[in-house]
Amino acid sequence: MPISKTADTGELEADMAFKAGADLVTILGAVDNATIVGAVKAAKAHGKGVVVDTIGVTDRVKRAQEVSALGVEFVELHAGLDEQALEGYSIQVLIDEAKRAGVPVSIAGGVNLSNIAAVKQAGVAVAVAGGAIYSAADPAAAAKELREALDAA
């Protein structure tokens, strides 16, 4: 169970989250490396993990490689809802970045039934399908459908 995205006091907030039962904590990728290093230190002390979220990061591939070297579990290549709303946005950008990154990544930013196979084939550790579930008429059925499509891919 991850916590909200941390932007400061990485070691302190990660330590508190792990003590409260979290398995992963999420750190914003735009922060100073010291925040990530602190969170990784706390994660190692608890046998847990750190995820770095690249929402708002201009060069997601470069940052994914940089923070992976700091010991994070995986990096979330994330296009937020505002980025997704821009004319010409395509999840294919994230899929291509996942293939280029060469480090464990997840994708968040438009994962749905029509692209979940391509997301999986990009080699991601995690596929985040937020809107495809929370905007569905039946979120439980949508989640089940996505899981079945993911397993079949």
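The questions below go from the whole chain to its sheet and then to its pocket.

Visitor: What should I know about the model before we start?
Guide: This is a predicted model, in which local features need pLDDT of at least 70 and side-chain atom pairs count only at pLDDT 80 or more, while totals for chains, interfaces and linings use all residues. Residues are numbered from 1 along each chain as its sequence is written, and side-chain values use heavy atoms, with hydrogens and water left out.

Visitor: How many helices and strands does the chain have?
Guide: Helices (H or I, at least four residues) and strands (E, at least two) are DSSP runs, numbered from the N terminus. From that end, the elements run β-α-β-α-β-α-β-α-α-β-α-β-α-α. The secondary structure comes to eight helices and six strands.

Visitor: In what order do the strands form the sheet?
Guide: Strands count as paired if DSSP finds at least two bridges between them. Strand 1 (5–6) and strand 6 each have a single partner strand, so they stand at the edges, with one side of each left without a neighbour in the sheet. The sheet is open and its pairing is parallel, in the order 1-2-3-4-5-6.

Visitor: What is the volume of the largest pocket?
Guide: A pocket is an open set of points on a 1 Å grid over the protein atoms alone, where a 1.4 Å probe fits, with protein on both sides within 12 Å along at least five of seven lines; lining residues have an atom within 4 Å of a point. Grid points are joined across faces, edges and corners, and the volume is the space filled by probe spheres set on them. For the largest pocket, this is about 390 Å³.

Visitor: Which lining residues are the closest to its centre?
Guide: The largest pocket is lined by 26 residues. Elements that give two or more of them include strand 4 (74–78) and strand 6 (126–128). The closest to the centre are His78, Ala108, Gly109, Val128 and Gly130.
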